[in-house]
Structure formats: structure tokens, C-alpha cells
Amino acid sequence: MDQKRSRAYDGSAGDADYATIGKTYSQYRQPDPRIAQRVWDALGDALTVLNVGAGAGSYEPTDRRVTAVEPSATMRGQRPASLATAVDAVAEQLPFGDDAFDASMTTFSVHQWQDLEAGLAEMRRVTRGPVVILTCDPELVEEFWLAQYAPDVLATERRRYPSIARLQELLGGTAIVELVPIPLDCTDGFNEAYYGRPEQLLNPEARAACSAWSFISPAQAESYTITLASALESGAWDAQHGALRRKPTFEGSLVLVRAEAR
């Protein structure tokens, strides 16, 4: 497949159009330091790191030499000045030589690639050491309470995320998988980050930062939002899920996959 021809006009190469949904992304998707530490620990002692699907730069370590790859111009434009300019490229065609990096990483990205097998093969080709993936386990996605109020949103998420078994198979070698606890005050606004702060999902910009919402119609999104707002106003949400407001961490579908070199 010709990756250049298949991109959206701003360069987005996956199934989500970040020219539309990415305009305020960085306001709501700030890297959470506790999740970031898990990613950085998984990189080991790597000095050179490739970040694929780097977006606005979330979770990039600042104490190593990072090369970022991001196809969307909208997302590249939101990278802080303190981070290196991202390379305009796609996961499936990385413009680097074999074994160019000590480690590579990708966060909230693999579910958007056009060719998962090719993308992971490329990451493995250019990486001497571990490949680190922050993603969601599709088998756990629909266990989150939001499935009760916005079922098609989470059904979309489940469909898009590759299975953990598939990731392990394609990465080869030894792949370790661990659940990542989500803090109650998580600063990275993916759907489960609001497990104890449901009111946040009434904000259309917060929802827009979760790409699965872009796969349903505006009318359907409005209907789901009204349903959730009504449950919050009536106390029905708190009667069923209110204990989550006091739960310091939540183990949902967020996982970290670390694959050593073959």
C-alpha cells in the first residue's frame, strides 16, 4: 500500500482524522507522570529511543535522545518547543537503518496503524533492544462503566485495538504484559482516565480527545451524553458506580507490553 497516498490531507495515516479531532488534543491528553514512569522504566537503560506515532509528544523521556515519528501535521504542530521536531513518516515505512535505536516505544497508537504486522516489523528492524507498547486490551475495554451509557464507543474501541496475543506473536521473543493502574486524577484524558470523574465526559472537547468518539455520529454522541448527564443528575450513576470517585487507582484495559530483542 502506498502510505503517502492513503493519508488524510494533514498527513494522518490511521483510521482517525486528526486534522479534525486533534485540534485541542494536547489540552486534554497530557502525559500522566505515573504512567510515564512505567513507560520509561520499560525502556531500561536505552540512550537512543524511537517514538512511533508520537503525536504531541506524550510519554517521551526527556533524559534520552528521542527520535519521534508522527504523520499528522496537526499533531506535530502541538509538540512543545522543548521536544525534538517529529519526522513525517508512518510506522509501516520507518526511514531509519537496521538497529538504529537502543529501544523503541509507541503509546496509544498501534490500533490506528493501517498494517500492524508491517509496523511492528519495522519497529523491530530498527531497534536493538526492547520495544515498548502502551495500549489497551480489547478483551477488557467493554468492562468499563461507559459501555452502559455509550456502548458503540467502547464497541469501536474493542474492534480497533489489536489483541495482546497478536502483539506478542508479531513482536516475537519474550513479551511481558502488565496492567497499568490509572490514577484517579490522571492527566491523560482517555476514556478510562475519567473512571471516577464522569462529568468530564460531558465536555465535547474532552470526548474529542478520545478518538473512538469520532466513529459515531454527532447525533449519537449527543444522545449518549444526554443519557450520562441524566444518570448523573438523578444520582443513578453514583448509586451504581459512586465508589469509584474515592478509588485511588483503577485497573481497566490499559496495559504495557515490553518485548525484548529476539
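1. Contact here means heavy atoms within 4.5 Å. Axes are lines fitted to C-alpha atoms, for helices over the stretch in contact, with angles from 0 to 180 degrees between N-to-C directions. Helices (H or I, at least four residues) and strands (E, at least two) are DSSP runs, numbered from the N terminus.

2. A word on the source: this is a predicted model, where local features need pLDDT of at least 70 and side-chain atom pairs count only at pLDDT 80 or more, while totals for chains, interfaces and linings use all residues. Residues are numbered from 1 along each chain as its sequence is written, and side-chain values use heavy atoms, leaving out hydrogens and water.

3. Now the sheet. Six strands form an open sheet with mixed pairing, in the order β2-β1-β3-β4-β8-β5 (strands pair if DSSP finds at least two bridges between them). The edges belong to β2 (65-69) and β5 (175-179); each has a single partner strand, so one side of each lacks a neighbour in the sheet. On average, neighbouring strands are turned by 20 degrees against each other, direction ignored.

4. Strands β1 (residues 48-52) and β3 (residues 103-107) run parallel and are joined by three bridges. Asn51 sits opposite Met105 in β3.

5. Two helices to look at. Helix α9 (residues 164-171) lies across β4, β5 and β8, at about 165 degrees to β4. Helix α3 (residues 33-42) lies across β3, β4 (131-136), β5 and β8 (254-259), at about 10 degrees to β8.

6. Check Tyr59, in the loop between β1 and β2: its phi is near 75 degrees, positive in a residue other than glycine. Tyr59 counts as buried at 2% relative accessibility (buried means under 20% relative accessible area, with a 1.4 Å probe and protein chains only).

Terms used
Buried < 20%, exposed > 50% of the residue type's maximum accessible area, 1.4 Å probe, protein only.
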